[in-house]
Amino acid sequence: MAINDACFQGDIPAAYDRYLVPILFDSYAADLARRLASLHPHRILEVAAGSGALTRAISSALPHAEIIATDLNQAMLDVAAVKHLGGHVVWRQADASALPFPEQIFDAVTSQFGVMFFPDKERAYREILRVLKPKGTFLFNTWDTVENNAFAKAVVAATDALFPDDPLPFFRRTPHGYFDAEAIRSELERAGFQSVTFAKVEKTSRAPSARDVATAFCKGSPLRMEIEAREAKFDVLSRVTEALEQTFGKGPIEGQMSALVFTAEAPRQA
């Protein structure tokens, strides 16, 4: 992962929450919250919470649970805190690889599309295991390949065509670069987790227009920094919008999404 891939600063958090969250994240947040609610946890840690899509879903599904939502980027948490004023959520800046919490205090740890951004995944998994109670649960999801996610595939194809000699690798490298389920299972087991299971979850993404999708990807993610670094002499957002309209049409559009959901258990106390 490139060092800037986890940097969601400046105008990116607001665009992320306005466009990417409803287009890509809300339906998967509902799925994770439902799975988490079935475990009846009392104290939950969320890592890589972003602008709070999953946090809001968990808060609704588990109104009596104590939720601590963390993210590496304070700017993302600032957006999240403004949108969610629930009294049982605490927002805290934290690095998943060095969690500022005592051992064995959470019933569950969860993350939505965040683990791909951990520079040292096994180290982060060991930290998550450290703060989980014995038999506690780590529940998270990660994107499937670019090819299995229609909007991401179309945006990547469009930017590849715009910059054939200097392509933009962000989405293939990080958001859609961590999809080998067996390899992820092995990393979790090496970190000390047991009973690791996974499932592929497919959903349909919907957006009001192709421009909304182009804005979501080009303005609401670190892809924006890759675009700006190229100093293009043309309007990249307009060109990507045109490419998406050719693929999906004008007006409201939809495309298939695919993700992997993992459940891992902390061992019983020795």
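Select Lys121, Glu122, Tyr125, Arg126 and Leu129 in α4, then Ile184, Glu187, Leu188, Arg190 and Ala191 in α7: these two groups meet, contact being defined as heavy atoms within 4.5 Å. The model is predicted, with pLDDT of at least 70 needed for local features and 80 or more for side-chain atom pairs, while totals for chains, interfaces and linings use all residues. Residues are numbered from 1 along each chain as its sequence is written, and side-chain values use heavy atoms, hydrogens and water being left out.

The residues of the α4 and α7 contact divide into 5 nonpolar, no polar and 5 charged. In this classification Ala, Val, Leu, Ile, Met, Phe, Trp, Tyr, Cys and Pro count as nonpolar, Asp, Glu, Lys and Arg as charged, and the others, Gly among them, as polar. Now display the whole of helix α4 (residues 121–131) and helix α7 (residues 181–191), which pack at an angle of about 50° with their axes 9 Å apart. Axes are lines fitted to C-alpha atoms, for helices over the stretch in contact, and angles run from 0 to 180 degrees between N-to-C directions. Helices (H or I, at least four residues) and strands (E, at least two) are DSSP runs, numbered from the N terminus. The two helices α4 and α7 are therefore oblique to each other; angles under 35 degrees count as roughly parallel, over 145 as roughly antiparallel, 65 to 115 as roughly perpendicular and the rest as oblique. Their crossing is right-handed, meaning that the near helix is turned clockwise from the far one by less than a right angle, with anticlockwise giving a left-handed crossing.

Next, select helix α1 (residues 12–37) together with helix α3 (residues 74–83); they pack at about 45°, and their axes are 8 Å apart. That angle makes α1 oblique to α3. The crossing of α1 past α3 is right-handed. Highlight Pro13, Ala14, Tyr16 and Asp17 in α1, which meet Ala75, Met76, Val79 and Lys83 in α3. By class, this contact has 6 nonpolar, no polar and 2 charged residues.

From α1 the contact takes Ile12, Ala15, Tyr19, Leu20, Ile23 and Leu24, and from α8 Asp212, Val213, Thr215, Ala216, Phe217 and Lys219. These residues comprise 9 nonpolar, 1 polar and 2 charged.

Turn now to the strands. An open sheet of 7 strands runs in the order β3-β2-β1-β4-β5-β7-β6, with mixed pairing; two strands pair if DSSP finds at least two bridges between them. At the edges stand β3 (89–93) and β6 (194–207), each with a single partner strand, so one side of each has no neighbour in the sheet. On average, neighbouring strands are turned by 20° against each other, direction ignored. Select strand β4 (residues 106–112) and strand β5 (residues 132–143), which pair in the parallel sense over 6 bridges. Within this region, Thr110 stands opposite Leu139 in β5.

Finally, display the whole protein, which has 10 helices and 7 strands. Its C-alpha atoms fill a box of roughly 60 × 40 × 30 Å, taken along the principal axes.
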